[in-house]
Amino acid sequence: MSRAETAPAAAPPRGRRTAVVPPEPRGRGVTGWTTLLRFALRRERVRIPVWTASVALLLAYVAVALDALYPTAAERQARAALVSSPAGIMLSGPQYGIEDYTLGAMIANEMALTVMVAVAIMSISLVVRHTRAEEETGRAELVRAGVVGRHAPGTAAFAAALVANAAIAVASGAVLSAAGLAPVDSFALGAAVGVTGLVFAAVATVTSQVTEHARAASGLALAVLGVAFLLRAFGDVQELHGSWVSWLSPVGWAQQIRAYVDLRWWPLALSLVLVALLLVLGAALAARRDLGAGLVPPRAGRPDAAGWLASPLALAWRQQRASVLAWGVAVGLTALACGTFVDSVGTMVADNPEIAAMLGDPTDLVSGFVAVMALFLGLGAGGFAVASVQRARGEETSGRLEPVLATGVGRVRWLGGQLVVTLLGMAALLVASALGLWLGALSVGEDTFGLADYLAASFAYLPAVAVVAGVGAAAFGGRPGLAGLAWALLAYSFVVTMFGGLLDLPSWAGAASPFWHVPQLPGADVEPWPFVWLTLLAAALVGLGLAAFRRRDVPRP
Amino acid sequence: MTSTTPAVEVHDLRKAFGHVQALDGLDLTVRAGEVAGFLGPNGAGKSTTIRVLLGLLRADSGSARLLGGDPWHDAVDLHRRLAYVPGDVSLWPSLTGGEAIDLLTRLRGNVDPRRKELLLERFELDPSKKARTYSKGNRQKVALVAAFASDVELLVLDEPTSGLDPLMESVFTQCVREVTAEGRSVLLSSHVLAEVEKLCDTVTIIRAGRTVQSGTLAELRHLTRSSVTAVTLRDPAALASLPGVHDLVAEPGADGTRVRFDVDDDHVEAVLRAVTDLGLRSVAVTPPSLEELFLRHYGDELALLDGAGSL
């Protein structure tokens, strides 16, 4: 109904009917884009600085930490040997400078990929947020009914992505230069990161045209990112410095500038040409469709619910199963990749006492490595747990909770259902991480530990993850405004457990993290007490959340 | 449940959100088997009252009884006996409309699958579409189908027709009539006056969290004026001095003088007699519409009537 109304009979000169592309006066298609750009930047005024600062801090930290961890050329070459394994290449780059592995070459080869993937995700979500998401919610209808050209929202969204990526590029270059690396190469690497972000911003302007839904638009663009990642990985494994397959990927182009080794700029031109082509394609597709509509018509779903969809628990599962699956695949694949490092860890650590210090017990390097990986993956499960618990708040603020509580569903039963799904999801992720580590290790012929050892190592973190989830549940029940505490605790735990030894923190600082108390398996002695009191603490937090939720107003502003 | 227990009974209800006094001494009664209109402008406190009745919000003071129980303590048991349609329906984006209907009716526990099919047809709702593709009207229909398909004693409807087209509004009207024919009770909050006038036995008008008038439609009309339009042969100016006559306007025309005025209902007889004596060519007397009652409370005369009108 509303769709039909967006194409009024008395169309203004710039006609909103789009089945046939009307000739448009030059420049009118983007009328109003500067206003929309200012509006977009106003909405992103927190996110863009946070992203920029995060990338800059990460690069600064890595530059300082790698310099401290690998002070001598011999130690850097030992790391080069580790990175040159197939699994290492898949997670790093085309290995430029591997024969003389300087700090710059190390950052360009290993860190650039992580930063580019992060910036690509940022760019995709930014563009989708200002284009398809606006259409899906109907806000775009309001905006486009003003003196605003058809291509203005898309133009403004891409321009906002341009601003964000430019800020990140400049900040990255500045930070790396400040760390003592060659300034020209540093800014070239920053530019490569920013241009790669722009490529995926442009990809998102195209995928935003395809379906009616913002989530599908993000998903398609992320799938393109995944393919680009895999093509680069595959090509680089085939040949040193990458085969022709690597050159099919925009991520590959950005790494082919050979920063800090033998800098060349021209691969970035490929990215810029691709950006231009994608923007033209996106604009052409946008001109062919109605506002709010996609190129692919939506599929029909079930006209009635499956028999099991009859409880708050079932509803919570129905809403979260896709995300449990996605997290499971991500954690499982990460674990698989980590598992393939297990056999090479011995050689690496033998040459590098700093790494050995981080991995714990130097007499049993493999178990130390597995324990650290299990901790790392446990923190990943913590990320899922916090996101999952916070869905309860999403249900409340969106107004979906009230009709449910107006049926025969009590508050404890509803919140309990949400939390049971969180718990099951956590357990599933820990299984996925154990399976991934086990299979990864088996694939490189490392069979010191069986599946049961890996399961014990990862499930040891279940009570700690539950404490983080419990903080989220308690906040939701009592003070929804404090929901960010759970993320803060997780981030804090990440920093102190991963880098506590290197940063030389006092022991009380570590003890504030629930992960700090978990014995690092396999290898460590198992004391039951940490598990008991972490479990009791988690249960108490959940109980507090449930009790407070029973007593408070819904919705609570 | 005996029919003498009111479905809803609220006295002197108060609720503040920080410094904002959302409810400030609100009274509301819905007798068993009746349709009670709950009128007020946006922000008057209608939704807050309903949320208190549903046990979602806890009142600061005052009493609220729902189907003979305490809305906060007995929430779950009471909810099995009522169905609720929120004013702004928000659905799970990844579920279809049909799934949402089934889920909500199952959670309540009184499913009547045949009635659901029938209602889907009457409201012309495609249940196989994902909820994120629904317009506001269609989301409203999902909640209405889920509510009407349930076999419950009380329907709590918060501005249920916002977003429905006139055709669907008439389907809604029929559904409410069927519900009352079965002896069930309805609390209908609205600012669509015609709808309340058409459907409701009693009306409660609230403003700024306080009940300013309530009663049956007939009782409310008794308190008010009727509009008279007449054409007379002789000059009607003298009518203006009669007791109970307000806002008299006279325009001379070809076949006499056209006069319009309002008259207090307890003076109607004397005034009409006087009009007849002027040589009556035609006359029309219309009872006040709810629109006029409403405007009287929220329009220009607000200051005069406020505080004096409560029954």
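**Group meeting: a two-chain predicted model**

At 7% relative accessibility, B:Gly69 counts as buried, because the cut-off for that class is under 20%. B:Gly69 sits in the loop of chain B that runs between β4 (61–66) and α2 (75–79). Setting aside residues up to four places away in sequence, B:Gly69 touches B:Ala64, B:Asp74 and B:Leu78. Another glycine, B:Gly109, is 40 residues away from B:Gly69 in sequence, and the two C-alpha atoms are 19 Å apart in space.

Let me stay with chain B for two further residues. B:Thr204 belongs to strand β8, residues 202–207. Is B:Thr204 buried or exposed? Its relative accessible area is 5%, so B:Thr204 is buried. Neighbours within four places in sequence aside, B:Thr204 is in contact with B:Asp27 and B:Leu28, with B:Gly37, B:Phe38 and B:Leu39, and with B:Thr211, B:Gln213 and B:Ser214.

The other residue is B:Glu159, in the loop between β6 (154–158) and α6 (166–181) of chain B. B:Glu159 counts as buried, at 16% relative accessibility. Its backbone deserves a remark: phi is positive, about 45°, although B:Glu159 is not a glycine. As background, most residues other than glycine have a negative phi, and most peptide bonds are trans.

A:Arg258 is not a glycine, yet has a positive phi of about 55°. The residue is found in the loop between α12 (250–255) and α13 (267–287) of chain A. Which peptide bond is cis? That bond runs from A:Val554 to A:Pro555, with omega near -5°. A:Pro555 is placed in the segment after α24 (528–551) of chain A.

As for the overall make-up, chain A comes to 24 helices and zero strands. Of its 557 residues, 54% count as buried. Among contacts in chain A with a separation of 6 or more, 75% are between residues 24 or more positions apart.

One helix of chain A can be followed in detail. Helix α10(A) has 25 residues and reaches 36 Å from first C-alpha to last, close to the 36 Å expected at 1.5 Å a residue. Why is α10(A) described as largely enclosed by the rest of the structure? The reason is that 21 of its 25 residues are buried.

A partner of this helix is α6. Helix α6 (residues 103–130) of chain A and helix α10 (residues 183–207) of chain A pack at an angle of about 35°, their axes 8 Å apart. The crossing of α6(A) past α10(A) is right-handed. On the α6(A) side the residues that meet α10(A) include A:Ile107, A:Val115, A:Met116 and A:Val127. On the α10(A) side, A:Leu189, A:Gly197, A:Phe200 and A:Thr205 are among them. Sorted by class, this contact has 16 nonpolar, four polar and no charged residues.

Finally, I bring the two chains together. The size of an interface is often given as the accessible area lost when the parts come together. Chain A and chain B bury about 3,300 Å² between them, and 57% of that is on carbon and sulfur atoms. How many residues does each chain bring to the contact? Chain A gives 39 residues and chain B gives 36 residues. Within chain A, the residues losing the most area to chain B are A:Arg400, A:Ala406 and A:Asp553, together 15% of what that side buries.

Note on methods. Residues numbered from 1 in each chain as written. Chains lettered and ligands numbered in written order. Predicted model: local features only at pLDDT ≥ 70, side-chain atom pairs only at ≥ 80, totals over all residues. Heavy atoms only, no water. Axes fitted to C-alpha atoms, helices over the stretch in contact; angles between N-to-C directions. Helix = DSSP H or I, 4+ residues; strand = E, 2+ residues; numbered from the N terminus. Left-handed = near helix turned anticlockwise from the far one by under 90°. Contact = heavy atoms within 4.5 Å. Nonpolar A, V, L, I, M, F, W, Y, C, P; charged D, E, K, R; others polar. Expected span 1.5 Å × (residues − 1). Buried < 20%, exposed > 50% of the residue type's maximum accessible area, 1.4 Å probe, protein only. Buried area = accessible area lost by both parts, 1.4 Å probe.
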